[in-house]
Amino acid sequence: MEGLRMDYRFTAALILMLTMLAFFTEPAYPAESQTNVSGSNTSIEGGYTGGATTYQSGSSSNTTSTTNSTSNVKSAPPTSSAPSYNSMTQDVCAVGVSLGVQTFGLGISGGKHAIDKNCERLKLARILNDFGMKVAAVAILCQDERVFESMIQAGTPCPIDGKIGSEAKQLWGKYDHERPDYTTYVKRMKDREKADKKAQREMTKELDKLDKELLDTKPIHNK
């Protein structure tokens, strides 16, 4: 029984001390509130007072930072590549022609095959000559105005309607509009006509001058 009484007394004394401690002791609160999204934070306790740093009288600290960044990058557009055309074989008189144009924002390119008429003419004339058709080979070469003009200058007109030589020359004179060099021929005839008229005027002028000299040197007979 004596032991139980001692326990009650100890318990009562402990409760009394805790009650007095609760009444006479003030809790310590943090001077600043902190909010963190992530990371760790240490709160200082014990009644400390926090605040801004105060500089001595007459001094100040101002920090201003401004950063402006402007970027304007212009780059050339990709180059327009003209397509390549090949004739596939060496026996084809075709030439590849391509063109490409590139500007800022727009690029155009294209290509096609072009037939070389002179190449075709030479191949056909060679084949006809190999077959023994010499007049036909010459006739197809005469489709070129340069060949036609050279044949006329050589005195061997190109064949026409199965005629050669002087007969062909007469037919070409009659149907001159069928000449492959008709435009050049007409221009040459006009130039020759102008030259003939000029020569005729000069000759007439010379004859008139001679007649005048004869009249001036003719003796005058008195009656």
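**A buried aspartate and the nonpolar core**

Guide: Asp-144 counts as buried, because its relative accessibility is 9%; buried means under 20% relative accessible area, exposed over 50%, and partly exposed in between, with a 1.4 Å probe and protein chains only. The model is predicted: local features need pLDDT of at least 70, side-chain atom pairs count only at pLDDT 80 or more, and totals for chains, interfaces and linings use all residues. Residues are numbered from 1 along each chain as its sequence is written, and side-chain values use heavy atoms, with hydrogens and water left out.

Asp-144 is placed in the loop between helix H3 (134–141) and H4; helices are DSSP runs (H or I) of at least four residues, numbered from the N terminus. Neighbours within four places in sequence aside, Asp-144 is in contact (heavy atoms within 4.5 Å) with Asn-118 and Arg-121.

The largest nonpolar core consists of six residues: Cys-142, Phe-148, Cys-158, Ile-160, Ala-168 and Trp-172. Such a core is a set of buried Ala, Val, Leu, Ile, Met, Phe, Trp, Tyr and Cys residues joined through side-chain atoms within 4.5 Å. With neighbours within four places again left aside, Ile-160 is in contact with Ala-168, Leu-171, Trp-172 and Glu-178.

There is one aromatic pair, defined by ring centres within 6.5 Å for Phe, Tyr and Trp (its six-membered ring), with planes under 30 degrees apart stacked, over 60 edge-to-face and the rest tilted. The ring centres of Phe-148 and Trp-172 lie 4.7 Å apart with planes at 85°, so this pair is edge-to-face. It links distant parts of the chain, 24 residues apart: Phe-148 belongs to helix H4 (residues 145–153) and Trp-172 to helix H5 (residues 165–174). Both Phe-148 and Trp-172 are buried.

Key. Helices (H or I, at least four residues) and strands (E, at least two) are DSSP runs, numbered from the N terminus.
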